[in-house]
Amino acid sequence: MNKTWRTTDIVDLLAFTRLDEENAVREEDLARRDRNICLRLTGGRKDQAGQAPLPPPETLVRRWLDIRRQEVGEEERKTLPGRLWREVILICRCLFLGGGLLTGLLAVGAFLAYSGKAPLNVSAYFALFIAFQFLLFCLQALLLLARRPRLPMLESAAGSSALCLFLGPLLLKAIHRLWKRLRGQGTAAARLDRDARIGALRQHREETRLILWPAFICLQAGGIGFNLGVLAATLAKVIFSDVAFGWQSSLQLAPELVARLVRWIALPWSWLPHTAPSQEQIEGSRFLFKEGIASLNSEHLLSWWPFLCMAVCVYGLLPRLLLLAFGIWGERRTAEQLSRNLPGIRRIARRMQSPRLDTRAMTDGAAPAAPPSPPPPGSSEKGASKAAPFPEQTAPIPRTDLGGASPLLLIPEELAADCPPEALARLLPAHLAGEAPLLSHAYTLAGGLDPLRRFFEEKASPQEVLLLQEAWQPPLKETEIFLRGLRGLLDLRAGITIVLIGRPGPATILTPADPEQARIWQQKVQALGDPFLSVLPLIPA
Amino acid sequence: MNPRDIPSFAVIGHPNEGKSSVLSTLAEDDSVRVSPIPGETVTAQSFPVRIDGEELIRFIDTPGFQNPHQTLQWLQAWQGPVEEMLAAFLKAHRDNPDFHDDCALLAPVAAGAGVLFVVDGSRPLRQVDLAEMEILRLSGVPRMAVINSKEEESTWLPQWQGALRRTFNAVRLFNSCRATYRQRIELLESLRSIDQEIEPVLRRVIDTFEEDWELRNILAAAELTGLLRDVLSYRRSVECAREEEAQKQEALLREYQGYVSEREEQARQSIRRLFKHNIFNLEMPPQSILSEDLFSGRTWEFLGLSRRQLIVAGAMGGAALGVGIDAATIGSSFGLFSAVGGLIGAGATAFRGRQALSGLRLLGMKLARDRLQVGPVSNIQLLYILLDRGLLFYSHVINWAHGRRDYERLRETARPEGQGFTRFWDTERRRVCEAFFRAIRKEGEGEIEDAATTLQGVLREQFREITAGGPPTDHSAP
């Protein structure tokens, strides 16, 4: 199976996760499905410790994606968004390439209209079709190199692109101004909804990179087409018609100076013979209106075109090819990065890696379910997919380290006495609770972040933090500030899950949260725009 | 009075505790935005209480605390004079957008307003609440706590009361969604405990509130009496050939019913406006008698006088025959309709069910010389039913707190009203009604005026009883 990630894979994966959200599949059902996929992939293989070795999360999820694709029908597979995406991008690239080609042909065709009275101006050709392009290339390269340092919470993936380097701050300022004006307008529900929508956009900012690189590649395709058009039109003119190139200047420029300049420009291809005019040819192709073209030597006038064509190749076409290669590399790198960083992927990986605890009573004579055997060789993929639902499994498979310590449970100090972490862990979904005992820590908003900072210094910074919260307490600004501070203490992509409970009952404080209050929390948290911050009611209402 | 010297009370608390709701009820202003979503109020808003254009006291609605812990820490760390503490806090945080709400709520306190600290007593007490209480204690301003239980839960009340009593001059229970007129007045009176110096001003305000309430009752009684007068004295005469009598009778009855509905609605709107309800429009649940057609069987079954009372009323009205027939048809009809007039000539069978509500019976329709004459109303039960509907509406309007916004919930949970009020009236009150009814039928202007004035007195008495609370009391008991 393929282990690499392409943009189309990311698009398909986003579509599948979106589908789960739209169908409101319950978390436990998702956990069961993904865990079963994982077990099917490992095929019951175990190492010496009796545990099945698991590949890295991104590889695991890549295989998950293959299986999900197989599960959809043949017809639906043709209309998967990734496939459509690839086709649209291909069409766009072709259109840009064709458009560039046509533009180059027409532009040079018009420029090289030679009547025989005066030679075509080499300087104008060079400035228009070579120098200007090269200048654009230099500017783009400069902008690509000068990347903005990334800021936590406000980090914009698009910030690495040249366009956003300038537009980003302006856009942010405009949004802030708009926000200030809108603040207080409308009902609380409308404001909450608006902030949540804006936050949701920010949560998905990583995914905007999927569009930026293809757009960049399209632009390069357009540039390549243009250069090819320029070359084709120039060569066609040279081969099929009579053209003459000369240079002009009102200044008393010494031909030696021009010759030296030409030599410098032609340095990259100086090893090629007859691709740059000699000093004598340069001197001989200087055109003065009062003397007319008749006095100039034809051989000198024809010595310029190889130079111009080579200049188009080296200063126009080659940089575009380099940028194209850079774009393709960037697109792949982005897909690889997203495969490691997208919250959806991390959630799937966690679900796949978390063993499902099954304590249901066995029916008479029934044996515990056996691990599923790998699909027999030669069985078709479609046939394998039809075997779903997969047999349930309880085989101990260790969780692959997602890059840090076990999850940390933060409990408000005032609730800590009534909330044993073990009781809470039992209620948590397996992919959040993990196998190891939860590491818990009491916190207060009054105490600020310093105690947590010290705690993190003593222990390893966790990759998953669960924050217990009573849903009936409205989310305050200080909660928001605390969450921002907590993000500052953690890895930028560490998961923070706010686990909601309801009003204390007579026997326990771990009661279901009111759905309306949970929705308010969901929206408030979404408004923060942190893609790795989520809300989860501990007990479904 | 200098605006700065006007006693002010800032309504302060945690977000979503019902501050705006308390204020809306207290100020009888249903335009205050109230929402179950926290953060509805984002700026402080003043609600002045003016008497004859003079502002006497002012309530200020504020946003909820957003950074209680940090605010408390800052105040605790303050080294300067206590009286400058809040001003310094505001100065230090006014440009910090995170502290926008905290500054907005503490600004009136810094300007010397007393504090009404609103908490939701139906939820547990938490550290964040203690932090807010401590902030107010440190501020040193006069303060009172109002426990506004948003739900029926009372488990946490003792916990709240214990904590609040340690920090506040007074603690009051006040349900902003259920508070009656009397409870509002009591809350206002208890503001004296915040600041004894405002006693004279507060007394004046409360007296004016009570006078205003009495005036509203007078106007409501006049409105209801006017409705009765118009509806009962309705009269019409149209040309009618003998062969189209039945058709014309039906058309006239429909016209009359339309008129009564419109007039009743008009009276309701007037009463609603008197009690400053702009949003609340008493869209009653389907099972409510108030939402029933006035002429429906159900309305006549539940409202108005009982059968026995009606027989007595009929006897007093001199329709002895009707009473006799009515008594003979018990069980098979709305025996309530012991028609005062128009009974003579009708057979005992005519007293069945729906026929009792017919135009012929109700409006005493008769054909004379090719003219069909209708009205005035011949059945006194209509007077009692209209009175009951008016009194029920009044009861709903005055008991619907301005801060309450769950109109949909009312539709879902409201129960039928059951019986009205007039059934429990004593003979004396009923005699007033009968005198009014007789005067209307006689059409003697002077007599109607006198009877109407007496009836208004009875209605105001009933209004006071409704305002005092509780279900209709049985005055008819010996």
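In helix α6 (residues 157-167) of chain B, the buried positions are Leu157(B), Trp160(B), Gln161(B), Ala163(B), Leu164(B) and Thr167(B), where buried denotes a relative accessible area under 20%, exposed one over 50% and partly exposed a value in between, with a 1.4 Å probe and protein chains only. Helices (H or I, at least four residues) and strands (E, at least two) are DSSP runs numbered from the N terminus. An α-helix has 3.6 residues a turn, so residues three or four places apart point the same way. The buried residues of α6(B) pack against β4 (114-119), α5 (127-139), β5 (143-147) and β6 (170-173) of chain B, a contact being defined by heavy atoms within 4.5 Å.

The model is predicted; local features require pLDDT of at least 70 and side-chain atom pairs pLDDT 80 or more, whereas totals for chains, interfaces and linings use all residues. Residues are numbered from 1 along each chain as its sequence is written, chains are lettered from A and ligands numbered from 1 in the order in which they are written, and side-chain values use heavy atoms, with hydrogens and water left out.

The crossing of α8(B) and α16(B) is right-handed, that is, the near helix is turned clockwise from the far one by less than a right angle. On the α8(B) side, Thr225(B), Leu228(B), Arg229(B) and Leu232(B) meet Phe436(B), Phe437(B) and Ile440(B) of α16(B). This contact comprises five nonpolar, one polar and one charged residues; Ala, Val, Leu, Ile, Met, Phe, Trp, Tyr, Cys and Pro are classed as nonpolar, Asp, Glu, Lys and Arg as charged, and the others, Gly among them, as polar.

Thr25(B), located in helix α1 of chain B, is buried, with a relative accessible area of 1%. Beyond its neighbours within four places in sequence, Thr25(B) contacts Phe174(B), Ser176(B), Ala179(B), Arg184(B), Ala401(B), His402(B) and Gly403(B).

In chain A, Asp9(A) belongs to helix α1 (residues 7-22) and is buried at 4% relative accessibility. With residues up to four places away in sequence not counted, Asp9(A) touches Thr4(A), Arg62(A), Leu65(A) and Arg69(A). The C-alpha atoms of Asp9(A) and Ser339(A) are 9.0 Å apart, although 330 residues separate the two in sequence.

Overall, chain A contains 21 helices and seven strands, and chain B 17 helices and nine strands. Buried residues account for 46% of the 541 residues of chain A and for 54% of the 478 residues of chain B. Of contacts between residues at least 6 apart in sequence, 81% in chain A join residues at least 24 apart, against 73% in chain B.
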